[in-house]
Each structure stands twice: as structure tokens, then as C-alpha cells.
Amino acid sequence: MPSRRYVQGWGALSLAVGAVLVTTAAAQDPAPGRAAVAAAPGPALLTVGTCSVTGGLCRVPRTTVSLDAPAPVELPGVATGPVDLALRTPGRLTDVTVTDRRGRRIAGRAGGDGTRWTSDVPLPAGGAYTARLVLEEDRPGGVRRRILRLAVRTAKAPEGERLTVAFGPGEGAPGRTYGVGQPVTAQLSHPVPAAEPGARRIVERALEVRSEPRAEGAWHWVDADTLHYRPRVYWPSGATVRVRSGLDGARVTDRLHGGRSRPLTFTTGSRVEAVTDVAAHEMRVYSDGRLLRVIPVTTGKPGFRTRVGTKVVLGKEPMVRMRGDSIGIARGSREFYDLKVRWATRVTWSGEYLHAAPWSLDAQGSEDVSHGCTGMSTEAARWLFRTVREGDLVRVVHGYGEPMTPFGNGYGDWNLDWPDWLRGSALGVRPARPGSAGSPLRPAL
């Protein structure tokens with residue numbers, strides 16, 4: 001029997017099978033000393049059904065097909081699991097190959113006695129497939145080998161809700177380059193609550209991430225309609241990352257079927273890290289481990305301490321207006337400020353930046369006087385602004401502030417260790433292969 005076949009992630013199946021069997025029989029040469037058998041073999045019967053779940057029992061109703069009859073056969077009902085082919089007359093299925101209309105092989109496994117083949121996952125709705133079966137039958141005088149083909153078509157998903165995915169970062173235009181700390185985001189068009197773990201597993205298996213060079217990674221459910229994907233230890237420098245959804249046609253729940261989503265491709269640049277040592281009042285900027293510059297800085301003073309931990313550059317603004325009331329400082333109070341700030345590199349949605357602070361030059365390198373941002377000279381801020389890009393890493397160490405939260409205020413994903421990150425996956429296990437996420441199924445190209 002064939003080894004495991006690979007195909008891009010499939011969802012659950014809403015199946016109405018139109019099957020046409022065509023026999024392209026080819027007699028195997030009889031064994032030495034045996035006469036060839038001229039008589040045609042008797043009819044062979046195959047049943048086609050579906051399983052309740054992946055790895056579960058295959059259930060009735062099943063449709064019995066004569067492998068010698070060319071008439072179309074339909075399999076009624078809605079399938080909720082993999083497709084199962086079972087031989088009902090004497091003989092052995094020595095090879096089963098199932099392909100979609102683009103020639104990609106469908107993953108499946110054979111029974112040990114050669115009488116059954118079951119797909120690893122359901123077939124998406126609205127697809128056309130061809131099964132090539134090699135049947136061997138014991139006949140008087142020798143073994144008869146026949147090659148048969150079964151055409152299968154799955155019905156379109158019923159009208160109703162369509163689950164689509166918007167991937168981030170940004171539009172993912174080809175050629176766009178991000179830092180090695182940039183997580184992949186998946187925004188679902190409909191919520192999939194934690195109370196439906198089976199549906200979450202279907203979704204997660206269908207969301208595929210590949211990087212070249214490879215990087216071990218996993219998805220993490222942030223909430224019911226948002227997932228983040230990150231490698232175990234940052235992306236490699238100069239990587240190409242490709243993200244796609246295999247949900248189109250998948251049956252996620254009774255009411256929800258997958259729709260078509262736009263894929264995402266982006267590249268990564270050098271591994272740029274800006275490490276602020278609060279106790280030393282300095283920032284060290286590295287590129288692929290090489291120290292580029294040491295910058296005197298000032299960070300958050302008591303009551304406004306800078307968050308510690310790892311952050312990711314969200315964006316850059318050459319000029320931004322900063323006001324105290326945006327972080328809860330009352331207008332007219334002693335701490336209130338209203339400033340136009342240059343060369344601002346943003347690291348949280350709540351307004352934490354690395355920026356030019358010419359008013360605090362005397363404190364830079366010796367004292368913390370800001371309201372939570374990291375301030376430096378105008379020249380240094382301009383240099384940093386031109387050196388970093390979205391997705392680059394900003395780490396704050398030896399500080400006194402609250403920890404950076406993993407989600408909700410920027411990309412704090414890297415503040416979860418790997419076991420905690422994996423606990424946010426619906427699959428509950430480490431991905432089987434580096435560089436892959438979601439389904440382990442791959443197209444056989």
C-alpha cells in the first residue's frame with residue numbers, strides 16, 4: 001500500500017458523491033507454469049462511507065458500488081469525517097491513490113488486511129477527486145490484477161455562514177520586509193469559542209505557516225476570533241514566510257463553513273534588537289549579534305515606570321503629538337504635557353515610544369525622568385528611526401516597571417515561554433515538523 005499522502009489542510013466535508021467507475025483492466029502475466037485465465041473476473045463490490053471523526057469509527061449509511069458497473073453512484077447525507085473505502089468481495093487493494101483536480105495526493109492510510117482505505121481528513125466541499133485502486137483477486141490458475149478508477153465529487157457547502165481569515169502583518173505585499181520578532185496574526189470573520197475545541201482544531205490545522213529557512217512555531221488562540229503564530233525563538237534573518245488558509249469548503253460547525261481567504265507572504269531582515277538597560281540608563285542596538293551603537297537614554301520615572309520585557313516595533317512616526325491626558329494625566333495638573341515629538345518609534349498601542357527628547361538631555365544616561373517612554377537625543381532618535389523596522393525587537397531589562405503583557409497592548413508574544421505558548425494551541429502538542437503549523441498534510445507536488 002502507498003505511504004502517507006500529503007495534501008494541503010482539508011476541512012470537514014458536506015458530501016454528495018457522484019461516482020463513476022471505469023475499469024481499465026490489465027491482466028498480470030500468469031505465474032510460470034500456469035495458463036492465462038481468459039474468463040473475466042466476477043463482480044467486485046466496494047462500499048463508500050464516512051467516519052464520524054478523524055480516527056473514529058466509520059458509520060452507516062454506506063453506498064455499495066460495483067467495480068464493474070460504469071453507472072454513477074451517489075452517496076447521500078452530510079459527511080462529518082474522513083472518507084472510507086472498503087472492499088466487500090474477496091481480493092486485496094494493493095494500492096490506493098486519491099488525487100484532487102490539480103493532481104495533489106490526498107493523505108490516507110490502508111488497513112492491514114488490504115481491504116480498506118481511509119482518508120486522513122475529510123475532503124472539502126465543492127471538490128472533484130479521482131481514486132485509483134489496484135485490485136488483486138485470486139482466480140483459478142493465477143492472480144488477476146485490475147486497475148480501477150473512481151471519480152468522486154463533493155457537493156458545495158450549504159448556504160450560510162462563511163469563516164474567512166485576514167492574515168497580518170499589514171497587507172503582506174510581496175517584498176515587504178519585517179523584523180524577526182513579527183508575529184503572524186489571523187483574524188477570523190466569526191468567533192470560534194473555547195467551548196468548541198473540535199472546531200478550533202479544524203481551524204488551527206487549516207492555517208498553514210511555512211518559512212524558509214525553517215523555524216519551529218505554533219499558533220496561540222488570543223481570543224475567540226484571533227490567533228497569533230510565532231516561532232519558538234524568533235524568525236531566522238532573511239527568511240521568507242508564507243501563510244495560507246485551507247479552510248475553503250471545510251465544515252467547521254453545523255452552521256459554519258470555511259470560505260476563501262487571501263494568503264500572506266513577507267520576508268524578514270537582519271535580527272535587530274534594541275536593548276534598554278534601565279539601571280545603566282543606556283540602550284544597546286545590535287544587528288545579528290553585532291553591536292551597532294550605545295545610546296544614553298532616560299526611561300520612566302517613579303509612578304510612570306517603563307514596562308519591562310520584550311516588545312516589537314509597531315510603527316514609526318517622524319512627528320507625533322503626545323498629550324498627558326492620553327495616558328490619564330489630567331489637563332492642568334503638574335504632570336500634564338502637550339508636546340510635538342520627533343522620530344518616534346512605537347512599541348505599544350497605549351503610547352509607549354522610543355523618541356527624541358531634547359528637553360531631557362541632562363538626564364539621559366543618568367536619571368529616569370520620562371512618563372514611560374524611552375527618551376534620547378534628537379540625533380540618536382533619528383538614527384534609531386532609520387535603523388529599525390516594524391517587527392524588530394525592543395527589550396527592556398533591569399527595570400522597575402510592570403511586565404509587558406503578552407496581548408492587547410502591542411506584540412508582547414515573546415514574553416510567554418514556549419510551554420505556555422503551546423498551551424494556547426487547540427492541538428495541544430508541539431508541531432511535528434519545524435517550519436510547519438496547522439495541518440501536517442502537505443501537497444505532493
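Five strands build an open sheet in this predicted model, and their order is β23-β22-β21-β29-β24. Pairing within this sheet is mixed. Its edges are β23 (290-296) and β24 (309-312), each of which pairs on one side only. On average, neighbouring strands here are turned by 20 degrees against each other, direction ignored.

Strand β21 covers residues 272-277, and strand β22 covers residues 282-287. The two run antiparallel and share six bridges. Within the pair, Glu-273 stands opposite Tyr-286 in β22.

A second open sheet has four strands, in the order β25-β26-β27-β28. Its pairing is also mixed. Here β25 (315-323) and β28 (374-376) are the edge strands, and each pairs on one side only. The twist averages 35 degrees from one strand to the next.

Strand β27 (residues 353-356) pairs with β28 in the parallel sense, over three bridges. His-355 has Gly-375 in β28 as its bridge partner.

Strands of a sheet pair through backbone hydrogen bonds, in either a parallel or an antiparallel way.

Where does helix α2 lie? Helix α2 (residues 378-387) lies across β22 and β23, and runs at about 145 degrees to β23. Helix α2 also packs on the four-stranded sheet. There it touches β25, β26 (338-346), β27 and β28. The direction of α2 makes about 40 degrees with that of β26.

Conventions:
Residues numbered from 1 in each chain as written. Predicted model: local features only at pLDDT ≥ 70, side-chain atom pairs only at ≥ 80, totals over all residues. Heavy atoms only, no water. Pairing = 2+ DSSP bridges. Axes fitted to C-alpha atoms, helices over the stretch in contact; angles between N-to-C directions. Contact = heavy atoms within 4.5 Å.
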